[in-house]
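Please look over the sequence and the structure before reading on.

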Amino acid sequence: MAQDLREGALLGMGNPLLDISAAVDSNFLKKYDLNSNDAILAQEKHKPMYDELIDMYKADFIAGGSVQNTMRVAQWFLDKPRIATYMGCVGIDKYSKILEDKAQADGLNVRYQYTNKEPTGTCAVLITGKERSLCANLAAANCFLPSHIQEPENKRLIEVARYIYVSGFFLTVSPETIQMVARHAFENNKMFIMNLSAPFLCDFYKTPMLAALPYVDILFGNEAEADSFAKVNNFQTTDRKEIALKIHQMEKVNKKRQRVVVITQGVDNILVAKDSTVTEFPAIKLPEEKVVDTNGAGDAFVGGFLAQLIQGKSIEVCIKCGIWAATQIVQRSGCTYEGKPNFVL
């Protein structure tokens with residue numbers, strides 16, 4: 001199983017961020033014009049918030065960034081280091097050192113690009129009750145250059161990988177890089193996997209998203225992202241089963257396999273469009289008192305899914321592992337875990 005997997009089988013590319021996580025009230029969200037259960041990019045008006053969280057609240061620093069979280073969770077299941085490789089851009093500062101140390105301790109092969117133009121990116125994780133609002137200041141993550149994947153060692157790691165995962169968030173940084181690795185995956189019959197990541201991306205980054213989609217073998221999204229994608233692309237339906245099926249049937253360049261579309265809906269059923277049909281998988285609803293916060297639940301879901309996928313397991317097993325992983329992460333603060341996973345079918 002994991003012991004037989006080769007190093008570098010899974011490659012993730014995204015925006016490495018140090019999460020600054022704190023419990024706040026609704027007035028704090030109003031002050032910075034934020035909504036609960038949302039994910040946005042920081043504007044100028046949000047910049048003072050990060051220092052305020054550190055100075056005025058009991059903020060936790062947690063290694064974050066959507067894809068990095070997913071790769072860490074996948075490594076947790078695989079129990080063998082360096083099966084997952086992660087690329088993204090960070091600054092040359094103490095925050096990037098914290099990120100790298102944490103990721104390497106979790107078994108990731110970290111291949112950061114370093115820039116002296118910006119500090120390491122941060123993400124405010126604002127917890128109100130059980131809900132979270134994310135506001136990312138990409139900073140150095142914005143500086144990722146396609147030249148990074150042309151470096152000999154990084155080029156070799158891309159060639160070794162059999163499964164490549166990128167977030168929709170990476171569309172805001174380097175759509176050129178996404179196109180390069182997507183074409184590489186197509187030309188070598190590798191699995192190219194993507195996440196819609198946030199509702200605003202479906203709208204404001206529609207063009208690069210639709211340019212990447214024909215290469216996508218597996219697409220993830222939550223209910224808000226699916227709704228946004230359907231609206232922006234004029235699907236003329238709000239039925240999420242129909243939305244999943246329509247995305248599943250959109251143009252695809254690799255005809256050797258049909259696209260799989262996975263839509264999560266919080267505690268409601270997971271929808272999976274595969275082979276021109278939609279299947280529902282029940283989510284696990286935890287007792288209210290067990291839920292600490294939902295930050296990282298979606299990342300963990302994909303991490304559990306990918307850990308099984310790269311071992312050749314069925315989509316059903318992948319989904320069930322993703323559900324299990326998400327239920328573990330929501331019982332802790334941030335995308336964190338401890339001990340060894342005891343997932344069993």
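Is Phe 305 buried or exposed? Phe 305 is buried, at a relative accessible area of 0%. Here buried means under 20% relative accessible area, exposed means over 50%, and partly exposed lies in between, with a 1.4 Å probe and protein chains only.

This is a predicted model, in which local features need pLDDT of at least 70, side-chain atom pairs count only at pLDDT 80 or more, and totals for chains, interfaces and linings use all residues. Residues are numbered from 1 along each chain as its sequence is written, and side-chain values use heavy atoms, with hydrogens and water left out.

**Cysteines**

- A disulfide is a pair of cysteine sulfur atoms within 2.5 Å. The count under this rule is zero disulfides.
- Cys 123 is in no disulfide; its nearest cysteine sulfur belongs to Cys 135, 7.2 Å away. Cys 123 is buried, at 6% relative accessibility.
- For Cys 318, the closest cysteine sulfur is in Cys 321, and the 7.8 Å between the sulfurs is too far for a bond. Cys 318 is buried too, at 0% relative accessibility.

**Aromatic pairs**

- Rings of Phe, Tyr and Trp (its six-membered ring) pair if their centres lie within 6.5 Å; planes under 30 degrees apart count as stacked, over 60 as edge-to-face and the rest as tilted. The structure has 16 aromatic pairs.
- Phe 28 and Tyr 57 make an edge-to-face pair, with 5.3 Å from centre to centre and 80° between the planes.
- Helix H1 (residues 26-31) holds Phe 28, while Tyr 57 sits in the loop between helix H2 (48-56) and strand S4 (60-64), so this pair ties together parts 29 residues apart in sequence. Helices (H or I, at least four residues) and strands (E, at least two) are DSSP runs, numbered from the N terminus.
- Phe 28 is buried, at 3% relative accessible area. Tyr 57 is partly exposed, at 27%.
- Phe 220 and Phe 305 are edge-to-face because their planes meet at 90°, with ring centres 4.9 Å apart.
- Phe 220 is in strand S11 (residues 218-222) and Phe 305 in helix H11 (residues 297-309), so the pair ties together parts 85 residues apart in sequence. Phe 220 is buried, at 3% relative accessibility.

**Cluster and charge**

- One aromatic cluster is formed by Trp 76, Phe 77, Trp 324, Tyr 337 and Phe 343.
- A charge sits over a ring if NZ of Lys or CZ of Arg is within 6 Å of the ring centre and within 35 degrees of the ring normal. Lys 246 lies over the face of Phe 235, 5.8 Å from the ring centre.
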